[in-house]
Amino acid sequence: MKKVKLKNIITWTWVSSILIILILQFVCIVIVFNQIESERTSKINDYVISTKTIITENIKKIDKIQKALLSSVNLQETLKHSNENTFLLLDDILKLRAFSSDNFHLVLFDSSQSLAFMTDNLQAGIYASITDFYKEYQNSGTDLFFCKPNDSVLSEIYLISFHQVNVPSTKTATLDNLGTSIVINKINTIELSNILTNDPNLEIHLENPSYDDVYITKHYPNNKRPSIKTVELENSKWSLVGKYVYQTDSSPIFSIRWLIIIEPLLVLLILLLLQFIYKIYIDKSIKEISTFLNQYLILKKGTSINEQRSFEFDNIATNINNMIDKNEKLSRKIAENQRNLYEREIEKKTTILYALQSQINPHFLYNTLDCIKSIAFVKQIPEIVDIAVSFSHIIRYSLKETQTVTVENEIDLLNKY
């Protein structure tokens with residue numbers, strides 16, 4: 001069975017856990033981001049469609065006003081005869097204003113492109129824009145323009161419609177051009193404000209490739225986010241463009257972006273902290289205990305393991321030290337017992353040897369004395385015989401193991417001596 005280091009197992013476990021957490025977090029961020037995008041797209045669609053409906057109604061209204069004015073004989077007569085029938089034309093305008101409930105303005109340019117008529121109270125900025133648009137109308141044929149005198153949010157937005165005034169020619173079968181009728185009508189900003197001012201992150205503007213954009217809501221010039229919704233206005237070259245713009249401090253996308261940046265750094269910091277804790281409290285203790293045991297088993301060196309930082313490893317080290325102390329005590333006791341046993345065995349053998357020696361020496365002496373007595377007897381030397389017998393009797397008496405003797409025996413011993 002292949003063995004794996006505990007350090008590798010812990011490291012791979014940490015790395016795998018962190019990767020799983022990051023993947024799950026990324027999935028959650030994607031889901032949240034898609035949800036935000038979906039809600040934002042739904043909102044901008046509703047805003048753009050509602051705004052388009054209001055602007056389309058205003059375009060239809062100005063077309064009706066334009067048609068009603070074009071059918072006015074007083075308008076035709078004003079273009080034919082400048083400054084004549086003006087009061088009659090003003091009367092027609094007042095009636096039409098009362099009927100349509102719109103305070104629109106009318107500007108007429110005759111066939112020589114000179115100003116023939118203009119209603120009162122028309123702003124100078126609006127008239128300057130009309131003169132520019134009139135040139136564009138003559139060059140490109142664009143007959144519908146939007147104008148915003150100032151850049152304030154939901155300020156007055158004007159719809160400007162150009163239309164040629166043609167009448168049947170009295171000389172030919174063609175139409176004679178009397179001039180151009182320009183109707184200026186203000187878009188109903190009250191309805192727009194009720195729809196658009198509820199969301200400060202909304203940006204809607206009117207767009208035409210040939211002219212500057214007309215912003216209905218607040219403009220965010222530094223925002224580079226692509227348009228979310230674009231719809232074409234019927235019968236015109238204008239488009240209504242809507243986008244969602246978050247300020248830096250209110251954007252959930254901004255928060256998610258910081259979350260994506262900060263979270264890996266926090267996870268990395270946690271990983272480094274865990275690695276540091278593992279190295280100080282686990283890896284160092286394992287290495288120290290393993291080194292001590294290898295040294296003790298091979299070289300029989302090392303008195304005890306040092307105190308450890310963690311409670312668990314310190315408990316292990318204490319138990320190992322206690323086990324080593326008990327093992328050494330047991331080894332010393334076994335050695336001492338073996339030494340005592342060996343000494344007792346030697347002592348026993350020595351005693352046996354001494355006993356054998358003590359048995360051999362008296363017998364040898366007795367035999368020697370008997371031999372001397374026999375030789376003296378043969379040689380007929382009674383004195384030597386008496387000496388040998390007495391000496392032999394003294395030795396036997398002294399080797400007796402009895403502790404008590406009689407006086408008679410002692411006197412006999414003295415006589416023999």
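Student: What makes the reach of helix H3 close to the one expected?

Tutor: This is a predicted model, where local features need pLDDT of at least 70, side-chain atom pairs count only at pLDDT 80 or more, and totals for chains, interfaces and linings use all residues. Residues are numbered from 1 along each chain as its sequence is written, and side-chain values use heavy atoms, with hydrogens and water left out. The expected span is 1.5 Å times one less than the number of residues. H3 (86-100) has 15 residues, giving an expected 21 Å, and its first and last C-alpha are 21 Å apart. Helices here are DSSP runs of H or I with at least four residues, and strands are E runs of at least two, numbered from the N terminus.

Student: Which residues of H3 are called buried?

Tutor: Thr86, Leu89, Ile93, Leu96, Arg97 and Ser100. Buried means under 20% relative accessible area, exposed over 50%, and partly exposed in between (1.4 Å probe, protein chains only).

Student: What makes S3 and S4 a pair?

Tutor: Two strands pair if DSSP finds at least two bridges between them. S3 and S4 (158-168) have 4, in the antiparallel sense, so they count as a pair.

Student: Which strands are at the edges of the sheet?

Tutor: The open sheet runs S2-S1-S5-S4-S3. S2 (115-118) and S3 (144-147) are its edge strands, as each pairs on one side only.
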